[in-house]
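Subject: Structure handover and notes

Dear colleague,

Please find below the structure that I promised to pass on, followed by my notes on what was found in it. I would be glad if you read the notes with the coordinates open beside them.

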Amino acid sequence: MAHIIVVGNEKGGAGKSTVSMHVATALARMGHKVSALDLDLRQRTFGRYVENRKAFLVSSGLSLPSPDAHDLPEIDASALKPGENIYDHRLSAAVAQLEADNDFILIDCPGSHTRLSQVAHSLADTLITPLNDSFVDFDLLARIDASGEKILGPSVYSEMVWNARQLRAQAGLKPIEWIVVRNRMGAQRMVNKEKMERAIKMLSKRVGFRIAAGFSERVIFRELFPRGLTLLDLKDIGVKQLNISNVAARQELRELLKTLELPGVVVDI
């Protein structure tokens, strides 16, 4: 049975698709069979990323380990019972088709609250939530006082994860392993950065997630997207010497994968 990884955050611009592509490709490069589902049916950034990769490899005559992208199957609406949601069935059917033949299924959720995203969270064995290092983004997880020092209560996204955990418990499934990834952190020690660090640590104990360091802000991620490449592919396409930024980014990915503690994964990238 495949281990299901869901990358979710209801706010756009947190780096979900970049994290999704790098985690999925890293797992594929380590020898695991990985399938990918993009639940943002309009924008499809993650799906486009995988498609770009396939097209680039074909045009370049290269063969690199890659995740397999899949669309949600169509469901005959007339076959649904009263009150049933067609999106529930589309996602369930997709997972059912993939789980027997894959080690991992990675699901990238849209940056908004949708029915598909709700269902995906309830399926997650591992939930990765990229979060920009900003109290604007933190507000999605919890409300905080004006000083940035006291948490007033969980916010909408944390409540959705709580509901997903309840559904899994009722179904007798394992608890969700939730990891909040601090993305796009600045290199300097700033007051805001230190406040964010304290706030996230407080909230992690309150609502139950682990904290991981993600990717720093780097131009390389935007440059790789049109070819569907990741940091792990640079040497394979002829980059003989990585610059300091690229080496640092690879180390960030390595540490993220270690923190995820995925079953059967020995991080050797």
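Arginine 90 is found in helix 3 (residues 86-98), where helices (H or I, at least four residues) and strands (E, at least two) are DSSP runs numbered from the N terminus. This is a predicted model, in which local features need pLDDT of at least 70 and side-chain atom pairs count only at pLDDT 80 or more, whereas totals for chains, interfaces and linings use all residues. Residues are numbered from 1 along each chain as its sequence is written, and side-chain values use heavy atoms, with hydrogens and water left out.

With a relative accessible area of 12%, arginine 90 is buried, a word used here for under 20% relative accessible area, with exposed meaning over 50% and partly exposed in between (1.4 Å probe, protein chains only). Leaving aside residues up to four places away in sequence, arginine 90 touches Leu41, Leu72, Pro73, Glu74 and Ile75, contact being defined as heavy atoms within 4.5 Å.

Aspartate 108 lies in strand 4 and counts as buried because its relative accessibility is 2%. Its contacts, not counting residues up to four places away in sequence, are with Val7, Lys16, Ser17, Ser20, Leu37, Asp38, Leu39, Asp40 and Phe46. Lysine 54, which is 54 residues from aspartate 108 along the chain, has its C-alpha atom 18 Å from that of the aspartate.

Aspartate 137 is found in helix 5 and is likewise buried, at a relative accessible area of 5%. Apart from residues up to four places away in sequence, aspartate 137 touches Lys11, Ala14, Leu131 and Asn132, and a polar contact of 3.4 Å joins its side chain to that of asparagine 132. Between aspartate 137 and serine 17 there are 120 residues in sequence and 17 Å in space, taken C-alpha to C-alpha.

Aspartate 133 sits in the loop between strand 5 (126-132) and helix 5 (135-138), and it counts as buried because its relative accessibility is 13%. Its side chain makes a polar contact of 2.8 Å with the side chain of arginine 182.

The largest pocket has a volume of about 520 Å³. On a 1 Å grid over the protein atoms alone, a pocket is an open set of points where a 1.4 Å probe fits, with protein on both sides within 12 Å along at least five of seven lines, and lining residues have an atom within 4 Å of a point; points are joined across faces, edges and corners, and the volume is the space filled by probe spheres set on them. Of the 26 lining residues, Gly15, Lys16, Ser17, Thr18 and Thr45 are the closest to the centre of the pocket, and helix 1 gives the most to the lining, with four residues. The lining has eight nonpolar, ten polar and eight charged residues, with Ala, Val, Leu, Ile, Met, Phe, Trp, Tyr, Cys and Pro counted as nonpolar, Asp, Glu, Lys and Arg as charged, and the others, Gly among them, as polar.

Finally, two backbone angles. Arginine 44, in the loop between strand 2 (34-38) and helix 2 (45-60), has a positive phi of about 55° although it is not a glycine. Glutamate 261, in the segment after helix 9 (244-260), has a positive phi near 55° and counts as exposed at 58% relative accessibility.

Best wishes

How values were computed: Polar contact = N/O pair within 3.5 Å; in protein donor to acceptor, adjacent residues only side chain to side chain.
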